[in-house]
Amino acid sequence: MSDLTFNKYAGAILGTCFLIAIVTQGSSMLFSEEKVAKPGFKVEVQEETGGAVVADVPPDWGTVLPKADVAAGQTVFAKCQSCHSLTANGTGPNLTGVVGRHPATEPGFNYSDGMKAFGAKQPVWDYDHLYMFLHGPQAYVSGTKMTFVGLKQPQDRINLIAFLRTQGGTLPIPAPNPKAAAAAAAPATGPSTAPGVGGSTTPAGAAASAGKPTATGTTATPAAGAGGPAGNGPGAPASQTESKGNGPPTK
């Protein structure tokens, strides 16, 4: 190889390296990286500390119902409206007057055997039973065809029950019970569960006697025009099938 050819190759290589250096330096000057004071998408992850877990048991209704957000409960009720209404039976029974109604007694609705068995044992849809049923219908009433997954947030259930109470409910709000309020706020002692209705399970402490909370209020027959016995809603088209949709509750 002649000296001239070698110089050509060497010059080409040096020129290429020089061009790369210029481009690299120029890019860093034009597109300089600016460090932000605080990351914009930093997600704080809270480590588990083994803290106490509050058992999901019925609250003190005399304390929570007067403060419940009825408007928020009406919003929650929108989840029920694919199967239930407040005027007539549909996929699920009419829910007017359900608070205080004898379970499985809405006229013209064809209830499941599981719900009928529940109604044979429980004389009234009181606040405690509605609260636990809405947490997980199939877990609380064995054999119900209602496949709704349930409302897991306690306040959603409280607000929904407060709203349903305004729709023909017959149970009065009981007097506040500080002992019940303290029990509801007490931490759970472990993962154990108490048996629920029909052999199901409910959170520990949910009921002192096999998932059967003490009924609150009254089952007296409402005034004329309020519906059937114990606050039943108005009659509706006959022979419907029980709720198989996605909205609580099937009574």
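User: How many aromatic pairs are there, and how is such a pair described?

Analyst: A pair of aromatic rings is described by the distance of the centres and the angle of the planes. In this predicted model, the count comes to six aromatic pairs. One of them joins W61 and Y127, whose ring centres are 5.4 Å apart with the planes at 35°. Planes under 30 degrees apart would count as stacked and those over 60 as edge-to-face, so the W61–Y127 pair is tilted.

User: Which parts of the chain does the pair of W61 and Y127 link?

Analyst: The pair links distant parts of the chain. W61 belongs to helix α2 (residues 61–64) and Y127 to helix α5 (residues 127–135), and the two residues are 66 residues apart.

User: Are W61 and Y127 buried or exposed?

Analyst: Buried means under 20% relative accessible area. W61 has 3% relative accessibility and therefore counts as buried; Y127, at 0%, counts as buried as well.

User: What can be said of the pair formed by F77 and F163?

Analyst: The F77–F163 pair is tilted, with 5.6 Å from centre to centre and 45° between the planes. Because F77 lies in helix α3 (residues 70–77) and F163 in helix α7 (residues 154–165), the pair ties together parts that are 86 residues apart in sequence. F77 is buried, with a relative accessible area of 3%, and F163 is buried at 5%.

User: Which residues do ring pairs link into a cluster?

Analyst: W61, Y127 and Y131 are linked into a cluster by ring pairs. The face of Y131 also has R157 lying over it, at 4.3 Å from the ring centre.

User: Which residues of α3 are buried, and why are they on the same side?

Analyst: An α-helix has 3.6 residues a turn, so residues three or four places apart point the same way. In α3, the residues G73, V76 and F77 are buried. They cover an arc of only 105° around the axis, and therefore they lie on the same side of α3. A71 and T75, on the other side of α3, are exposed.

User: What covers the buried residues of α3?

Analyst: The cover of the buried residues of α3 includes α7, the helix in which F163 lies.

User: What is found at the start of α3?

Analyst: There, a side-chain oxygen of D69 reaches to within 3.2 Å of the backbone nitrogen of A71.

Terms used:
Residues numbered from 1 in each chain as written. Predicted model: local features only at pLDDT ≥ 70, side-chain atom pairs only at ≥ 80, totals over all residues. Heavy atoms only, no water. Phe/Tyr/Trp six-rings, centres within 6.5 Å; stacked < 30°, edge-to-face > 60°. Helix = DSSP H or I, 4+ residues; strand = E, 2+ residues; numbered from the N terminus. Buried < 20%, exposed > 50% of the residue type's maximum accessible area, 1.4 Å probe, protein only. Lys NZ or Arg CZ within 6 Å of the ring centre and 35° of its normal. Arc of directions from axis to C-beta. Contact = heavy atoms within 4.5 Å. Polar contact = N/O pair within 3.5 Å; in protein donor to acceptor, adjacent residues only side chain to side chain.
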